[in-house]
Amino acid sequence: MLYSRYFIPTIKETPSDAEVISHQLMLRAGMIRKLASGIYNYLPLGLRSIRKFENIVREEMNKAGAIEMLMPSVQPAELWQESGRWAFYGKELLRFKDRKDAEFCMGPTHEEVITDMVRREIKSYRQMPLNFYQVQTKFRDEIRPRFGLMRGREFIMKDAYSFDVDSSAADLSYEKMYNAYMRIFERCGLNFRAVEADTGSIGGSSSHEFMVLADSGEDAIVSCDACRYAANIEKAESPLYSVVSDGTAEVLQKVSTPEMKTIADVAAFLNVAADNTVKTLVYASDSGELAMALLRGDHELNELKLKNYLGWDEILMASEEQILACTGSPVGFLGPIGLKQEIPVIADRVVQGMTNVVMGANEVDLHYINANRGRDFEVSGFVDIRTVEAGDACPRCDSGKLEMWRGIEVGHVFKLGTKYSKALNATYLDANGREQIIFMGCYGIGIGRTVAAAIEQNHDENGIIFPIPIAPFHCSVVAVNTKDAGVMAAAEEIYFCLEKLGVEVLFDDRDERPGVKFKDNDLIGIPLRIVVGSKGLAEGKVEVKIRSTGDILSLSLDEVANTVKQMIDTALAHAE
RNA sequence: CGGUGAGUAGCGCAGCCUGGUAGCGCACCUGCCUUGGGAGCAGGGGGUCGCUGGUUCGAUUCCAGUCUCACCGACCA
């Protein structure tokens with residue numbers, strides 16, 4: 001490719017509205033341009049990277065036995081009404097009507113469409129297992145699109161759906177996809193973790209997320225430093241502390257704690273450790289149900305765990321009025337003793353072993369000391385509702401400690417069970433001629449997001465440092481001075497050689513000063529740069545600069561093409 | 001949706017407080033010069049100052065409304 005005939009509109013200055021580095025660099029490198037909030041043009045260079053990654057995904061999907069197809073992005077409302085998600089999905093589902101007033105939506109995901117196809121076509125257990133995938137444009141009307149391709153409204157996603165005769169067969173399909181995902185992200189040279197995750201609005205029984213580690217990541221994850229346990233913090237189980245009790249229950253006392261509203265204030269004022277206090281929080285569902293959560297004072301609540309335990313659709317901090325009505329006290333002095341209303345009191349498991357604790361007395365400026373469960377208050381259940389912290393013991397092994405990371409979710413695999421097949425009545429006949437419900441799994445990879453995540457993880461002050469498997473070009477040839485006939489001839493020669501060898505090469509033949517070319521080549525992240533200048537040429541040499549390390553090799557004219565070809569092949573072979 | 005901030009040339013910004021019809025850097029065009037890390041000189045083109053209304057002789061500037069965008073919170077690949 002001739003740079004002068006290609007289209008790479010780089011920009012020197014960082015656009016002011018780009019916050020994260022991958023967004024800044026993709027704009028500056030001329031890979032993407034914004035058309036509307038969360039909606040982007042993929043410019044030629046960006047598209048090349050995206051296609052590269054798509055093809056890695058395709059290769060691994062095919063290897064894992066998945067079959068490619070393509071579904072429409074416009075979907076009829078009926079299917080969504082049938083699955084029940086027309087009502088449940090909310091405003092993220094972009095809905096519209098056609099000229100006949102029939103309702104449609106832009107597909108945010110394709111469980112309905114694929115399940116509809118399968119229920120029409122699959123009749124027998126002999127036809128399964130099946131796994132269909134597609135690489136397709138999705139639309140989700142995100143409340144707050146941000147970070148460029150990281151969270152767009154329109155985005156390219158690989159989604160796959162598996163269909164099996166029963167749960168254990170479905171587990172096998174799940175495992176195949178899990179392993180394929182591991183290979184995909186390994187091939188791209190990404191530093192990532194597969195973590196246990198909450199299933200969210202997709203539903204189903206269990207799931208793993210694939211998280212590229214990056215400080216700018218929107219998710220927090222933990223992983224054990226000794227065993228393989230890793231989980232999204234939303235899901236991460238807190239360790240069970242052994243019950244510590246000094247046995248003797250002291251006398252319950254109400255003490256004055258003027259203006260002491262936080263655990264830190266109260267603990268300091270009463271001169272007790274924060275871990276001998278109990279924190280009380282009141283939550284409300286969207287339909288107005290209330291629940292009280294008790295945690296050790298220095299612990300944090302995991303709202304998702306509480307929400308899942310309560311089975312609520314939505315969880316909100318209770319309003320001041322709601323709190324006042326059920327406890328009789330404003331926030332700051334809440335506790336489970338002497339409630340005005342009967343509401344569920346959910347205690348974290350750690351609270352079970354605590355004795356003689358400090359907790360709010362449901363009266364302004366008053367706390368209890370020496371409160372004890374059983375004697376002074378009761379709880380409706382002990383449940384893991386706290387957020388794990390770095391340094392917590394691993395819930396799975398004896399010796400490990402949890403480490404905490406930020407991550408970008410680039411892939412997510414779900415065991416769906418029969419959630420969609422049941423709703424859409426996707427059944428088959430088993431060997432006994434009996435009708436059975438199909439078991440499903442679904443598997444997504446954010447294509448653009450992965451490319452963005454790769455940039456997030458591979459860059460320096462000069463720009464992108466693409467891993468070779470997803471680099472838009474493998475190498476570039478830079479002619480230092482295009483007016484120098486000798487330089488141009490040598491550069492062209494190398495360019496043609498490389499093309500002949502099947503190397504993806506960008507020939508920077510622009511009549512620009514060398515500095516401009518070097519800066520652009522660095523910015524767009526080309527892994528190898530061959531520089532042809534008059535100085536080196538006088539000795540029959542050109543130089544090859546490696547973007548990632550900054551190392552410079554001096555090679556003779558005749559060997560450079562083959563050497564570069566070899567370097568690229570070696571790098572790509574490692575990624576297979 | 002709530003909170004914060006911003007809309008002035010393709011990009012990054014100044015001007016606005018204290019009204020008088022717009023400027024800087026980069027980019028772009030022409031010419032000269034230059035060619036190993038975003039050079040230099042000279043000339044030039046480009047803006048209904050987000051939109052609507054109000055106040056005023058006069059509004060980019062003051063007022064009101066509105067739209068858009070970005071950032072912080074709950075969702076997600």
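A salt bridge here is a side-chain nitrogen of Lys or Arg within 4 Å of a carboxyl oxygen of Asp or Glu. I worked on a predicted model, in which local features need pLDDT of at least 70, side-chain atom pairs count only at pLDDT 80 or more, and totals for chains, interfaces and linings use all residues. Residues are numbered from 1 along each chain as its sequence is written, and side-chain values use heavy atoms, with hydrogens and water left out.

**Salt bridges**

I looked up the total: the structure holds 37 salt bridges.

I started with Glu54 and Arg51, whose side chains meet in a salt bridge at 3.0 Å, N to O. Both lie in helix H2, 3 residues apart, about one turn of the helix. (Helices are DSSP runs of H or I with at least four residues, strands are runs of E with at least two, and both are numbered from the N terminus.) Is Glu54 buried or exposed? Glu54 is buried, at a relative accessible area of 2%. Arg51 is partly exposed at 40%. (Buried means under 20% relative accessible area, exposed means over 50%, and partly exposed is in between, with a 1.4 Å probe and protein chains only.)

Next I checked Glu504, which forms a salt bridge with Arg48, the closest N and O atoms being 3.3 Å apart. Glu504 sits in the loop between helix H12 (485–500) and strand S28 (505–508) and Arg48 in helix H2 (residues 44–63), so this pair ties together parts that are 456 residues apart in sequence. Glu504 is partly exposed at 24%, and Arg48 is partly exposed at 25%.

Then I took Lys279 and Glu300, whose side chains meet in a salt bridge at 3.6 Å, N to O. Lys279 lies in strand S14 (residues 278–284) and Glu300 in the loop between strand S15 (290–296) and H8, so the pair ties together parts 21 residues apart in sequence. Lys279 is buried at 16%; Glu300 is partly exposed at 46%.

I also noted a network of salt bridges that links Glu59, Glu60, Lys63, Arg183 and Arg187.

**Other entries**

I looked up Gln24, found in helix H1 (residues 21–28). Gln24 is buried at 16%. Its side chain reaches the backbone oxygen of Glu19 at 3.3 Å.

I turned to Phe96 in strand S5 (residues 95–97). Phe96 is partly exposed at 32%. How far apart are Phe96 and Ile494 in space? They are 54 Å apart, C-alpha to C-alpha, and 398 residues apart in sequence.

Last, I checked Asp313, in the loop between helix H8 (303–310) and strand S16 (316–317). Asp313 is exposed at 55% relative accessibility.

Terms used
Chains are lettered from A and ligands numbered from 1 in the order in which they are written. A polar contact is a pair of N or O atoms within 3.5 Å; within protein, one must be able to donate a hydrogen and the other to accept it, and residues adjacent in sequence count only if both atoms are side-chain atoms.
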